[in-house]
Amino acid sequence: MNHFFKNHRRLTSTFNIFGSSNLSKRSRALFSSFASDLLEPDSWKSMEGLVRCKANYVPLSPISFLERSATVYRERTSVVYGSLKFTWAETHQRCLKLASALSQLGISRGDVLYHTCGNQRNGEKGDVTSNLVSLRCSVLRCSSIILLLVNLFISKVAVLAPNVPAMYELHFAVPMAGAVFCTLNTRHDSNMVNKTTYGGFDLLNLMALLPLAPVQAVYEYESLLANGHSGFEIRQPESEWDPISVNYTSGTTSSPKGVVYSHRGAYLNTLATLFLHGIGTMPVYLWTVPMFHCNGWCLTWGMAAQGGTNVCLRKVTPKDIFDRIDQHKVTHMAGAPTVLSMIVNSEVRDRKILPHKVEIMTGGAPPPPQIFFKMEELGFGVSQLYGLTETYGPGTYCSWKPEWDSLPLDERLKMKARQGGAASWIGRC
């Protein structure tokens, strides 16, 4: 068995033990260093005179992508959602303040965060309806989210939300506060979500239960964020093997399984995904992949790495896809084959001529070759991949070869539909 997977099994077992409410807070605090001892290579220690120090080593973390973009792409647009727009400098400041506010509420290193989203339309502000109740919690309200800070033996913060700006900000703010981010699948029913949050309530009946829940405090999101400090000192990971997020499998064949992502893994897979798909600097990315799915295939962090623009889309419809591409000059997007089918089968009145070729990555079961042909007719360039939650998203990729361009159409489309071989970052299995 590959040494990575053997160690991964040990780490998963360690995390399950770590998640037990029987452990003391001090015991849980030892998890990071224990996991590091299991996984970090020691071969460098055998080299005479070589000492690891700050001059030659820093833990890899996607947090650094945001810090860089706040300087290099300071005035460029980072997030768009309806009438809302932020620059990278503003997003950096908002994430710092949010991290500061979370720490003031008691979130500390190693805590795993939960939040759930209510109803919001593009750019609107207003009340939200909540679908989550928990034991002993503080509630953070805004037009986008309700964030629950659960103060139990295991503090957890998880997100149940569509692709809205708050969801994007939390991908950075939570690890900047030293905590672990957990995104929940919005397609799961209440029983399935309960299993992943260790809850004991029917989430669909929250409105009746919430007044009776022992909520400690309610905070308005923007007001809480404003009370945070922009000079907050980021709690960088003590080890690059520290967990940055917990993602759950779809649960289509069995109960959802938790997968721990490390800062190192998220950093490397982010760069690898950008490299493999040719996503250069300052792309405009349309969010048709749920951010809860493998942290958006790690492209939540990837857009920060390249100074891109995140065009948030709460509900995926063909008309909204074409409208956003036309309005924001989208260059890249991604989605399951169902998204491609939705586009090619859309009403003619909902379509618009694309301003340029839009690259789209699709993953999952290969769509029929005709789908690729129709997508190309509409002006999209489609690349096929496949992945797992356990591989941080994309794991195989169909690397296109120039000589295939001269193949007959049927053969070319068959090649296009192949899921390809292992991506370069997967290594030996």
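View 1. Strand β1 (residues 77-81) is mostly covered, with four of its five residues buried. This is a predicted model, in which local features need pLDDT of at least 70, side-chain atom pairs count only at pLDDT 80 or more, and totals for chains, interfaces and linings use all residues. Residues are numbered from 1 along each chain as its sequence is written, and side-chain values use heavy atoms, with hydrogens and water left out. Buried here means under 20% relative accessible area (1.4 Å probe, protein chains only), exposed means over 50%, and partly exposed is in between. Helices (H or I, at least four residues) and strands (E, at least two) are DSSP runs, numbered from the N terminus. Two strands pair if DSSP finds at least two bridges between them. β1 runs antiparallel to strand β2 (residues 84-87), and four bridges join them; Thr77 has Thr87 as its bridge partner in β2. The β1-β2 hairpin has two residues between its strands, and Gly82 takes a positive phi near 60° there. With strand β13 (residues 309-311), β1 pairs in the parallel sense over two bridges, and Val80 has Val311 as its bridge partner.

**View 2. Helix α4 and its buried face.** In α4 (residues 63-72), the buried residues are Ile63, Phe65, Leu66, Ser69 and Ala70. Look down the axis of α4 and these fall within an arc of 160°, so they line one face of the helix. That arc is taken from the directions from the helix axis to the C-beta atoms. An α-helix has 3.6 residues a turn, so residues three or four places apart point the same way. The buried residues of α4 pack against α5 (88-104), α6, α10 (263-276) and α12 (299-305).

**View 3. The largest nonpolar core.** A nonpolar core is a set of buried Ala, Val, Leu, Ile, Met, Phe, Trp, Tyr and Cys residues joined through side-chain atoms within 4.5 Å. The largest one has 59 residues, and Met167, Tyr168, Phe172, Met176 and Leu299 touch the most other members. Helix α6 (residues 165-176) gives the most to this core, with eight residues. A second, separate core has 23 residues, including Ile325, Val330, Leu340 and Met375. Back at Tyr168, setting aside neighbours within four places in sequence, its contacts (heavy atoms within 4.5 Å) are Val79, Trp88, Met291, Thr300, Met303, Ala304 and Asn310.

**View 4. Met291, a buried loop residue.** Met291 lies in the loop between β12 (284-286) and α11 (294-297), and its relative accessible area is 0%, so it counts as buried. Not counting residues up to four places away in sequence, Met291 touches Asn163, Val164, Met167, Tyr168, His171, Thr183, Gly296, Thr300 and Cys312. Met291 and Ala161 are 130 residues apart in sequence, but their C-alpha atoms are 8.6 Å apart in space.

View 5. Asn247 is in strand β10 (residues 243-248) and counts as buried because its relative accessibility is 0%. Beyond its neighbours within four places in sequence, Asn247 is in contact with residues including Lys257, Tyr261, Phe292 and Thr389.
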